[in-house]
Amino acid sequence: MSGLDDLFLPGAITRGGVVMPTFPVPKGVHPPLNSPEYLSTELRHPREPLRAMPQRLNELTGPALGEDLVREVDNDLTRNHGGEAEPVGQRIIVHGRVLEEDGRPVPNTLVEVWQANAAGRYAHQWDQWPAPLDPNFTGVGRMMTDADGRYRFTSIKPGAYPWRNHPNAWRPAHIHFSLFGRAFTQRLVTQMYFPDDPLFFQDPIYNSVRDESARRRMISRFDYEQTQDHWALAFEFDIVLRGPQASVFEEDDDDE
């Protein structure tokens, strides 16, 4: 077994007669669950020690999103809304690979993305700031990685948006990524930023990652070679599951 499955294989820790799953978390890479600068973590972070949930048969046999449920158009956010018109904004291509720490590709992994539209607004009932909604943009997409661990999305570059975390708070443009293994308990979530964003300095989510090299791995690379003439700019963003070059995921860090 390899890929996301390896992150959830049982380890050597036994508690109460139950073998608990373990996996290494690079020090200083993943942000602490309670990051005071990110105000909502004060209310939402766990206050008791985390408990690993053993994977049982119902996690393996329950509902799952596999390749048979992913449509060919699902990775094109400019077309998967079902209408005939295109969304407003700068077209972009976001591509990359899902990799093991030794560079091996992770094939057949479900990659989902969600993002704001070009005006910085999500198609969600809770997002009510006065920026226009785009009827031709849902902001969600998905696809399976190929045999080489590659994914590729066509979308619109998202806009920045205010979020009231602190005075004059704006989130840099970003795209959320979710990776699924073979069960819903095997899920990793991260964010991709764009190069040279002027809002990095005041974004507590970006800055909660203490390791500078890890922060840089959250920023995509402008890819001129994949940019399509008269069509779309391209950005490359590889996702590494673990090891010294691991991507930053939304999980626990045992630093206090």
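Author: Leu-233 is partly exposed, because its relative accessible area is 31%, and buried means under 20%, exposed over 50%, partly exposed in between (1.4 Å probe, protein chains only). This is a predicted model, in which local features need pLDDT of at least 70, side-chain atom pairs count only at pLDDT 80 or more, and totals for chains, interfaces and linings use all residues. Residues are numbered from 1 along each chain as its sequence is written, and side-chain values use heavy atoms, with hydrogens and water left out.

Reader: Which strand is Leu-233 in?

Author: Leu-233 belongs to strand β12, residues 233–236. Strands (E, at least two residues) and helices (H or I, at least four) are DSSP runs, numbered from the N terminus.

Reader: And Phe-235, buried or exposed?

Author: Phe-235 is also found in β12. It counts as buried, because its relative accessibility is 6%.

Reader: What is Phe-235 in contact with, leaving aside neighbours within four places in sequence?

Author: Among its contacts are Ile-92, His-95, Phe-194, Pro-195 and Phe-222; contact means heavy atoms within 4.5 Å. Phe-235 and His-95 are 140 residues apart in sequence, yet their C-alpha atoms are 6.5 Å apart.

Reader: Changing topic. Which residues touch the most other members of the largest nonpolar core?

Author: Ile-175 and Phe-177 do, in a core of 24 residues. A nonpolar core is a set of buried Ala, Val, Leu, Ile, Met, Phe, Trp, Tyr and Cys residues joined through side-chain atoms within 4.5 Å.

Reader: Which strands each supply at least two residues of this core?

Author: They are β3 (91–99), β4 (110–114), β6 (150–156), β9 (174–180) and β10 (187–193). A second, separate core has 13 residues, including Tyr-161 and Met-218.

Reader: What does Phe-177 touch?

Author: Not counting residues up to four places away in sequence, Phe-177 touches residues including Val-94, Trp-114, Tyr-151, Leu-188 and Ile-239.

Reader: What does UniProt place at residues 94–122?

Author: An unreviewed UniProt entry places the feature "domain: Intradiol ring-cleavage dioxygenases" there. UniProt positions are given in the numbering used here, feature names are shortened, and annotations may be inferred rather than shown by experiment. In the model, residues 94–122 are 0% helix and 38% strand, with end C-alpha atoms 19 Å apart.

Reader: How many helices and strands does the chain have?

Author: It has four helices and 13 strands. Of its 256 residues, 46% count as buried. Among contacts with a separation of 6 or more, 68% come from residues 24 or more positions apart.
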